[in-house]
Amino acid sequence: MAFDGITVSALTRELSSALTNGKISKITQPEKDELILTIRCGGNNYKLLLSADASLPLAYLNAPSKVSPITAPNFCMLLRKYIANGKILRVYQPGLERSIHFEIEHFNEMKDIVRKTLILELMGKHSNIIFVNEDGIILDSIKHIPSSISSVREVLPGREYFLPDTQNKISPINLGFDEFRAALVTMPGAISKALYQKFTGLSPIVGEEIVYNAKLSPQKSPDSLSYEEWSDLYSAFRNIMSAVEGGDFTLQIYYEGGVPRDFSCIPLEVYSANECKSYDSASAMLKEYYEQKEVITRIRQKSSDLRRIVSTAIERNVKKLNIQTSQLKSTSKRETYKIYGELLSAYSYQIEPRSRSCEVLNYYNNEMITIPLDDTLTPIENANHYFDRYNKLKRTFEAVTFQLKETEAELNYLRSVACSIDIAREESDLTEIRQELRRAGVIRSGSNDRKVSQKSRPLHYISSDGFDIFVGKNNLQNEELSFKVASGNDWWFHAKQMPGSHVIVKVGNKELPDRTFEEAARLAAFYSYGKNSEKVEIDYLQRKHLKKPNGSKPGFVIYHTNYSMLVPTDITKIQQA
């Protein structure tokens, strides 16, 4: 979810409650666009992070300690000069703007009490931290914005501070029905888009939520709504805004496949099918959400070289497969040449010398057949020529068929590794995948090879009926789960004829309920090469029916007795342990 006005409202209320009358004891600037304020209030020490990073503007309490530069930047030095040991009088949000204002009282050089305001603007690439005096004049900012960068507003020392209003948005606070309808009725496009384009502080997902709660199509245009639909839309709008105005926030992170998808300070019915986690404070929610996102981003960055290696290997094998398929197709006439040779041998006495073709009875199907001939050769020599061509194509067919199976197996293996990279959650997962690729000869071993310091663990889920379900995150884990963790009567699940994770359900001495069968199959579908399909066919059987061929690659198994089911790839309601 965007860091919208509703999120800022929830965060501002929390900061106001925790920091009002607090004393600023320390100011650091660990990054060029980030501040950490240490504030003593009510016997507690708080570390407040304020970030104006263009890609990740953010604010929350209980920030982790960071190493600061030896020489503090000028903006940090200015803040230390004016508001070190200052008292926070209030923390507020103007309207529903994406802006948090900290009004601070301090002593000037003459020991007079004066006030300054530190403003954090959370506006994407336009985010900034601005320091203004009691007259609203900018003293400095963490980012200087001259007129050459923005024609709307200069952010420079000595300029008057004001919030930009370039989009002519309306505050949604205390808005009546007639005003609400008049503001939207002339807006072009879909009603869900019109909501966040016209009202301050609303994000696209909130627009979708309002329309969803009003039971309207999100693509319906404002000018097509009936009076009853306008009433339903306004009612849904007011329900959300009343909660925001009253500070009645529901702080949640929504997950999809164990990965954080979105956060929200209001309940989102559009994500009702997703697993969610609730929080007591906006800071805790934001901190955990962005930390988890950062981990995923970091893992994706660290896996980029593996992705490139595997992708290149897949492309190479696809090209090889196409060439081999073409070669195999070129051998399709081998049986015809064999028949030509046999028929010429049988009917050679009937064929006139120097004939360019002959028509004889094909005794395999009792039909007449015309055979092309080389008029410089005798019938027997023509027969031998066709036998030579047959034998050559037969050898090619046998060799290419074997090579084709090897290439298909290699391609399936590489695609399974690509799936493993996609579901990697920790650095140890990537280390295991790298180790596996070295064993498979995809990556050359070298002196810089690192041993796995911490063994990666498979994903663990609990079925609705209380059974443990384990999902392998790579082929080494798949093999260990299937042949070391699983017992003979445990159930094994895998996507049919496509790469994917091995899924094991530990049954003990119990009978497995149908619901657990379906949940395990859904996990096998989600953690497979077909996860983006609506449904995937899953094979399942008891572990005792699995076999691993000698010399096969990690994770490769065979089986001859199994059941199958077609399931969706949705796992949102399956609990992860």
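Contact here means heavy atoms within 4.5 Å. Keep that in mind for the close-ups below, which all come from a predicted model.

**View 1. Ile 6 and its neighbours in the largest nonpolar core.** Start with Ile 6, which touches Leu 96, Gly 201, Leu 202, Val 206, Ile 240, Val 244, Phe 249, Cys 265 and Ile 266, once residues up to four places away in sequence are set aside. The largest nonpolar core takes in 85 residues, and Ile 6 is one of those with the most contacts inside it.

**View 2. Helix α1 against helix α6.** Which way does α1 run relative to α6: roughly parallel or roughly perpendicular? The axes of α1 (residues 5–19) and α6 come within 10 Å and cross at roughly 25°. Angles under 35 degrees count as roughly parallel, so α1 is roughly parallel to α6. Their crossing is left-handed. On the α1 side, the contact is made by Ile 6, Ser 9 and Arg 13, and on the α6 side by Ile 240, Val 244 and Glu 245.

**View 3. Ser 51 in strand β3.** Ser 51 sits in strand β3, which covers residues 44–51. Is Ser 51 buried or exposed? Its relative accessibility is 4%, so Ser 51 counts as buried. The Ser 51 side chain reaches the backbone nitrogen of Asp 53 at 3.3 Å. Skip the neighbours within four places in sequence, and Ser 51 is in contact with Asp 33, Glu 34, Leu 56, Pro 57, Leu 58, Leu 120 and Leu 122.

View 4. Where they meet, α4 brings Ile 191, Ser 192, Leu 195 and Tyr 196, while α5 brings Pro 204, Gly 207, Glu 208, Ile 210 and Val 211. Ala 194 is also in helix α4, and it counts as buried because its relative accessibility is 0%. Beyond its neighbours within four places in sequence, Ala 194 is in contact with Leu 184, Met 187 and Pro 222.

**View 5. Helix α11 meeting helix α12.** At what angle do α11 and α12 pack? The angle between α11 (residues 427–439) and α12 (residues 475–485) is about 90°, with their axes 8 Å apart. That makes α11 roughly perpendicular to α12. Asp 429, Glu 432, Gln 435, Glu 436 and Arg 439 of α11 meet Asn 475, Leu 476 and Gln 477 of α12.

View 6. Asn 62 isn't a glycine, yet it has a positive phi of about 60°. You'll find Asn 62 in the loop between β4 (58–61) and α2 (74–83). Arg 354 isn't a glycine either, and its phi is positive too, at about 60°. Look for Arg 354 in the loop between α9 (334–347) and β13 (357–362). With 68% relative accessibility, Arg 354 counts as exposed.

Definitions and conventions. Residues are numbered from 1 along each chain as its sequence is written. This is a predicted model: local features need pLDDT of at least 70, side-chain atom pairs count only at pLDDT 80 or more; totals for chains, interfaces and linings use all residues. Side-chain values use heavy atoms; hydrogens and water are left out. A nonpolar core is a set of buried Ala, Val, Leu, Ile, Met, Phe, Trp, Tyr and Cys residues joined through side-chain atoms within 4.5 Å. Buried means under 20% relative accessible area, exposed over 50%, partly exposed in between (1.4 Å probe, protein chains only). Helices (H or I, at least four residues) and strands (E, at least two) are DSSP runs, numbered from the N terminus. A polar contact is a pair of N or O atoms within 3.5 Å; within protein, one must be able to donate a hydrogen and the other to accept it, and residues adjacent in sequence count only if both atoms are side-chain atoms. Axes are lines fitted to C-alpha atoms, for helices over the stretch in contact, and angles run from 0 to 180 degrees between N-to-C directions. Angles under 35 degrees count as roughly parallel, over 145 as roughly antiparallel, 65 to 115 as roughly perpendicular and the rest as oblique. A crossing is left-handed if the near helix is turned anticlockwise from the far one by less than a right angle, and right-handed if clockwise.
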